[in-house]
Amino acid sequence: MRTGFVITANALLEGDVVWLTGTGALTRHLAGAQVFEDRAQAEAALAQASTRGHELVGPYLAEIRLTGHGPEPAHFREGFRARGPSNYRHGKQAETGTDRHVSLY
Amino acid sequence: MYRYTEFDHAFLAERNRQFRAQVARRIDGSLTEEEFRPLRLMNGLYLQLHAYMLRVAIPYGTLSAAQLRKLADIAERWDKGYGHFTTRQNIQFNWPRLGDVPDMLDALAEVGLHAIQTSGNTIRNVTSDHFAGAAADEIEDPRPHAELIRQWSTDHPEFQFLPRKFKIAITGSPNDRVVTRAHDIGLRMVARGGVPGFEVIVGGGLGRTPMIGQVIRDFLPVADLLPYLEAIVATYNLLGRRDNKYKARIKITVHETGLERVRELVEARFAEIAPEFSRDATEATLARLRAMFTPPDLTPRQGGLFEAARAKDPVLRAFADTNLTPHRVPGHAIVTISLKAHGATPGDATAAQMRAVADLAERYGQGEIRVSHMQNLVLPHVALDDLPALHAGLRAQGLATANVGLASDIIACPGMDYCALATARSIPVAQQIAGLVGALDIEHELGPVQIKISGCINACGHHHVGDIGILGLDRAGVENYQITLGGSATEDARIGARMGPGFAYDQIVPAIERLLLAHLDLRLEPAERFAQTVQRLGLEPFKAALYETEAADAA
């Protein structure tokens, strides 16, 4: 299984989980995130993201597995961040299908 | 109830004004996250997994109907229509937006509530007995003392940057319902020669290194309360380690320095600063505060209507058997409202439920509501004859679950479903255990048993002091649950013993089922509680049941 990294953080205003896309925009959905298979490139992009403190809080690299359906979280914690809590259908899992993959800014 | 003075209103308004400006400066980019973080934490604002979280203090667990209604309004207007009551008499809102938080704080201030010092390395919300002022076993209502401590500790200039957070719990009853021995400072009222004072316990705490607090002063006169607390916290402020977050709590300071040495230092500091505190002023303030916490004027009653209804209605009978605690006035009871309906999230209440409880408190409970560290609500002053009507009102809102103190009355921290620190989920484990005992219909047969679940080693779910404790960990990227047995959260507080290897997420509920069924097999008689069976037989037979091995000398 191929693995890689995505850059993720919480959005300053909503606190919501976001990922960085290939254009430098932010997405609310992991499927839209840019995947780095090269660690050095990922670190460089993270350093760049770390300068965006006016819109992001606590950016870091999260490991993903590359599957036929796109990137999937390697760790269950990232799974909850990508989905929402398991006791209520709140957070990302509550959003309708139509606004998926739409970037934030 | 404490009534805010002009000073209190002005203080809160000014503090909220400052925080509003700080939030604005964060949003416009003038403040970095590094600069903003300590400011937001001092005002109870966390950033969790999915969103910000605002933790609001319920000082000493007491709420008026108006305050509870305001919490409902806030839940609806700025959150997702519910709130989560925690194990330290706070309520948490899980989904606020940063820009809305100043408005939420202003709304709270309208009813005298705030989020000050619900986070950060400060003296946190002082917790107290949720049955205070009503319990039949109480020496004196501890809430005036708790309010005195709140006023002393709020914005205390010396204690805004302690080595680590600092938690105080206070009880006026010999039966400890606030886990004093698991707090940085625990205050237990005792009477000497008919005069109330405090046994002062220091250095308790759960978390990574669980410790039971030790008595540093066996009798502290009430008038010396503030200088003595100040002496302890000042001593800790100097001695406490700042080089290692995991060794920074006062329990480690006491452990590393030794209780005797800490006592000497505290007494020396106390002797030094006591003259700066006027004993007369403390007594006068306490007298003023006591007048605000005067118990309602309840007339002793016979309770005949209740007895008749109880005899006829088995559902009411089950509720009365588990959810009532003796009140000091005959014909009355303390009613615990379980926020643990089978399958629900422990401690969560919807806005509609909050409003219903506020209405019922006004109609049948003198307008007072309490929040317990067990994550339930309490109506402390209910006439037994009103119980049938109250029970019907609670049932209509799904709030009449008859399980207080039983297997489904589980304490659970938010865990990995919300908390950025968590290593595993807690809530679904609690939901499934409650669902299981509900489906098997065995919890009344099992009798009182405290199951407590934490989703990480910080132990917000108090797992060390549960009859059965469950700790969720991350083992090589998979949720794994470790079990402790034989803990106690009462006046004989004990840290439970860790069992063997942990259980996977899909194995933990069957494991708990085996423990509960083992109790039914092993107990001497139906009245023997889970804790008593563990005390009598030791851990081995339970371990054997847990791991499905033959116990060498099973009873």
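Let me start with a definition: two strands count as paired if DSSP finds at least two bridges between them. Strands here are DSSP runs of E with at least two residues, helices are runs of H or I with at least four residues, and both are numbered from the N terminus.

What you have on screen is a predicted model, where local features need pLDDT of at least 70, side-chain atom pairs count only at pLDDT 80 or more, and totals for chains, interfaces and linings use all residues. Residues are numbered from 1 along each chain as its sequence is written, and chains are lettered from A and ligands numbered from 1 in the order in which they are written.

First, the sheet in chain B. Five strands form an open sheet, in the order β3-β14-β15-β12-β11, with antiparallel pairing. The edges are β3 (62-64) and β11 (324-326) of chain B; each has a single partner strand, so one side of each has no neighbour in the sheet. Within the sheet, β14 (residues 368-371) and β15 (residues 377-383) of chain B pair antiparallel over two bridges. B:V371 has B:L377 in β15(B) as its bridge partner.

B:H332 lies in strand β12 (residues 332-337) of chain B. Is B:H332 buried or exposed? B:H332 counts as buried because it has 27 C-beta neighbours inside 10 Å. The cut-offs are 20 or more other C-beta atoms within 10 Å for buried, 12 or fewer for exposed, and partly exposed in between, with C-beta atoms placed from the backbone. Leaving aside neighbours within four places in sequence, B:H332 is in contact (C-beta atoms, placed from the backbone, within 7 Å) with B:L298, B:H327, B:H381, B:V382, B:A383 and B:L384. B:D385 is 53 residues from B:H332 in sequence, and their C-alpha atoms are 8.1 Å apart.

Now a helix, also in chain B. α16 (residues 508-522) has 15 residues and reaches 21 Å from first C-alpha to last, close to the expected 21 Å, where the expected span is 1.5 Å times one less than the number of residues. Buried in α16(B) are B:I508, B:A511, B:I512, B:L515, B:L516, B:A518 and B:H519. Seen down the axis, these buried residues fall within an arc of 155 degrees, so they line one face of the helix; the arc is taken over directions from the helix axis to the C-beta atoms. B:P510 and B:D521, on the other side of α16(B), are exposed.

Last, the chains together: 21 residues of chain A are in contact with 22 residues of chain B. On the chain A side, helix α2 (residues 76-83) gives the most, with four residues.

Definitions and conventions:
Contact = placed C-beta atoms within 7 Å.
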